[in-house]
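Subject: Structure for your review, with findings

Dear colleague,

Please find below the structure that I would like to hand over to you. My notes on what was found in it come after the model.

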Amino acid sequence: MSWTRNVLRVDLSKGSCTSEPLNMEWAKLYLGQRGLASKYLSEEVDPKCDPLGPENKFIMTTGPLTGTMASTSGRYSCVTKGPLTGAIACSNSGGYFGAELKNAGWDMIIFEGKSDKPVYLLLQDDKAELRDATHLWGKTAWETDDIIHATHQEPQMRIATIGRTAENGCLYAAVINDKHRAAGRSGVGTVMASKNLKAVAVRGTQGIGNVEDANAFMQATNDGKAVLAENAVTGQGLPAFGTQVLMNVINGIGGLPARNMRDVGFEGAEHISAEAMAEPRASDGKPNLTTNAACFGCTIACGRISTVDPTHFSVKDKPQYQGASGGLEYEAAWALGADTGVDDLDALTYVNFLCNEDGMDPITYGATVAAAMEMFEDGNITTEHTGGIELTFGNAEAFVAITEQFCQGGTFAEDLGLGSKRLTEKYGRPELSMTVKGQEFPAYDPRGIQGIGLNYATSNRGACHLRGYTIASEVLGIPVKTELNDTDGKPELVKAFQDATALVDSSGLCIFTTFAWGMDNIAPQIDAACEGDWSVENCLEVGERVWNMERLFNEAAGFTADDDKLPKRLLEEAIKDGPTKGQVNRLGEMLPKYYEVRGWTADGKIPEETRKRLSL
């Protein structure tokens with residue numbers, strides 16, 4: 001069965017922790033993790049609630065394959081209504097926390113209400129208790145992790161926590177686990193802080209012994225690992241270069257946005273790429289990249305561990321940042337680098353350390369700073385706002401200074417913590433916010449790559465590449481090559497990627513496996529692990545059901561088809577030069593067909609016929 005069938009419900013208002021059985025009727029319709037937790041949220045939370053009010057709930061959730069011998073089985077998600085967007089939020093993380101939670105015997109933890117003082121949850125197998133965290137409030141995520149470990153003297157304990165930015169109300173604060181893995185997007189950490197929940201510390205020793213057909217599962221997972229090892233992306237590219245392998249690739253095809261997406265193509269891309277991370281530096285002969293790293297059960301090992309040049313201005317007098325820690329991945333390198341015009345690799349690595357240490361989403365943070373930089377250059381923001389910092393594009397020293405100020409709650413921190421949508425509205429330039437539904441874009445320009453633009457516009461959690469990674473097809477030719485500037489067939493492609501991703505996110509596996517695996521590799525693993533019929537067809541139906549359920553939550557929260565849109569810059573301001581010169585995104589050619597293939601009405605609503613077909 002693979003599910004533990006146990007849910008821990010934590011009422012923070014009452015200070016109580018109670019166990020209840022997992023709703024297996026829902027599990028058979030939504031599988032687990034993203035899908036199942038979103039079902040719980042939809043049933044228990046008013047979509048119109050204040051995301052930071054006690055009536056919102058915060059769910060930490062695993063999938064049925066989390067903690068098993070399947071490759072990449074270390075995933076867990078944080079599900080809630082997001083404060084950045086007001087939409088349903090599901091943020092996925094790797095590392096070791098998810099597997100530890102599952103090994104402690106729990107499928108999910110539902111936090112409700114609000115504690116009257118800071119607390120953390122201590123979970124040791126079936127023993128759960130809330131501990132006072134007053135002494136942890138005001139500490140960074142790294143400090144909190146160290147203090148809790150020192151308190152309990154359990155080196156194998158896994159901790160997920162928030163940093164100071166969440167406590168200060170930053171609307172895109174993350175939940176940090178294992179010090180440099182993050183449930184990063186949509187402000188899930190801010191919701192955690194709003195409940196006065198500082199951390200969750202877990203030690204699990206029960207193991208995962210409830211697989212439905214152990215022999216079939218062993219065969220299916222071994223077959224899957226062989227496919228990953230033989231694939232050029234998952235067996236060679238990602239282990240050697242990580243996701244940063246994409247920096248020069250995307251720049252070369254004319255799809256890399258720069259300077260708040262004002263430009264496409266970044267002249268400094270080669271200086272912040274995977275190749276640059278591996279290049280020995282002149283000062284000490286060591287590269288930025290110290291080693292690669294893997295999450296629990298992962299045979300890909302795409303993670304980056306980096307060390308900043310100890311003589312670099314950002315860390316020269318700060319020994320605590322001169323050791324190895326979580327390095328740049330592609331999205332962070334783009335948002336902190338190309339989008340701000342900064343091509344100083346060590347400065348970006350240091351800022352990435354700060355994002356991990358104080359728990360903020362580097363994509364939204366970098367994009368928000370980029371919007372602020374454009375407004376600074378246009379005169380809407382001045383040094384009076386920034387505390388004397390010349391916040392211009394490409395200024396590495398200014399970027400480091402504003403980030404340090406932000407983490408410490410300095411002069412401009414409250415404004416930057418709003419995210420770019422609210423920031424640009426405050427300073428009278430809303431057209432400079434590069435967002436969908438209030439969430440900032442990742443590292444692929446939808447003018448140069450049409451399908452990803454449609455995916456951004458229709459994503460249930462705001463702009464997000466990981467809700468339907470059509471880059472695999474449009475750029476890498478996986479599973480088939482589609483042309484960057486074609487719109488024909490893109491609605492069908494986007495739907496297929498979105499549904500498949502929703503299924504993978506509900507299983508406990510990592511989406512990066514799909515560079516090599518198709519559903520015919522994934523479904524047998526789920527089918528062997530879980531009771532019931534988990535054929536390819538049924539798995540894809542689960543993915544489609546999850547997508548539509550999320551859409552229904554957002555509809556009830558007040559979202560409409562008018563929110564399935566892109567900023568005017570991307571629809572009207574053509575790319576100025578490079579391989580994709582002259583292009584804009586042609587969303588209008590794709591959106592009506594997308595609604596049609598989804599089985600929705602022309603105005604993007606889900607009709608009764610589609611609800612009935614999907615058992616919604």
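The notes below cover conventions, domains, cavity, pocket, salt bridges and backbone.

This is a predicted model, in which local features need pLDDT of at least 70 and side-chain atom pairs count only at pLDDT 80 or more, while totals for chains, interfaces and linings use all residues. Residues are numbered from 1 along each chain as its sequence is written, and side-chain values use heavy atoms, with hydrogens and water left out.

Domains and their interface

The protein is assigned domain 1 (6-203), domain 2 (244-436) and domain 3 (447-515 + 535-613); such bounds come from an automatic or database domain assignment. Taken over C-alpha atoms, the centres of domain 2 and domain 3 are 27 Å apart. Their contact involves 22 residues from domain 2 and 26 residues from domain 3, where contact means heavy atoms within 4.5 Å.

Between domain 2 and domain 3 about 1,700 Å² is buried, and carbon and sulfur atoms give 65% of that area. Buried area here is the accessible area (1.4 Å probe) that two parts lose on being put together, summed over both. On the side of domain 2, Ile253, Val264 and Val436 supply 35% of the area buried against domain 3, more than any other three residues.

The rule finds two salt bridges across the interface of domain 2 and domain 3, a salt bridge being a side-chain nitrogen of Lys or Arg within 4 Å of a carboxyl oxygen of Asp or Glu.

Grid points are joined across faces, edges and corners, and a volume is the space filled by probe spheres set on the points.

The second largest pocket holds about 460 Å³ of space. Because domain 2 and domain 3 both give residues to its lining, this pocket lies between them. Its lining has 20 residues, and Lys421, Pro430, Ser433, Thr435 and Lys565 lie nearest its centre. At least two lining residues come from each of α17 (420-426), β18 (435-436) and α23 (568-572), and α17 gives the most, with four residues. Helices (H or I, at least four residues) and strands (E, at least two) are DSSP runs, numbered from the N terminus.

By class, the lining of this pocket divides into six nonpolar, five polar and nine charged residues. Ala, Val, Leu, Ile, Met, Phe, Trp, Tyr, Cys and Pro count as nonpolar, Asp, Glu, Lys and Arg as charged, and the others, Gly among them, as polar.

One cavity of 30 Å³ or more is found in the whole structure. The largest cavity has a volume of about 30 Å³ and is lined by Ile88, Ala89, Cys90, Asn460, Arg461, Arg467 and Glu550. Strand β5 (residues 88-93) gives the largest share of this lining, three residues. The lining comprises three nonpolar, one polar and three charged residues. Since domain 1 and domain 3 both contribute to the lining, the largest cavity lies between them.

Salt bridges and backbone

The structure holds 45 salt bridges. In one of them, the side chains of Asp263 and Lys576 meet (3.0 Å, N to O).

The peptide bond from Ile478 to Pro479 is cis, with omega near -5 degrees, and Pro479 is placed in the loop between α19 (471-474) and α20 (490-507). Gln33, in helix α2 (residues 33-44), has a positive phi of about 40 degrees although it is not a glycine.

Yours sincerely

Notes:
On a 1 Å grid over the protein atoms alone, a cavity is a set of points where a 1.4 Å probe fits but cannot get out, and a pocket is an open set with protein on both sides within 12 Å along at least five of seven lines; lining residues have an atom within 4 Å of a point.
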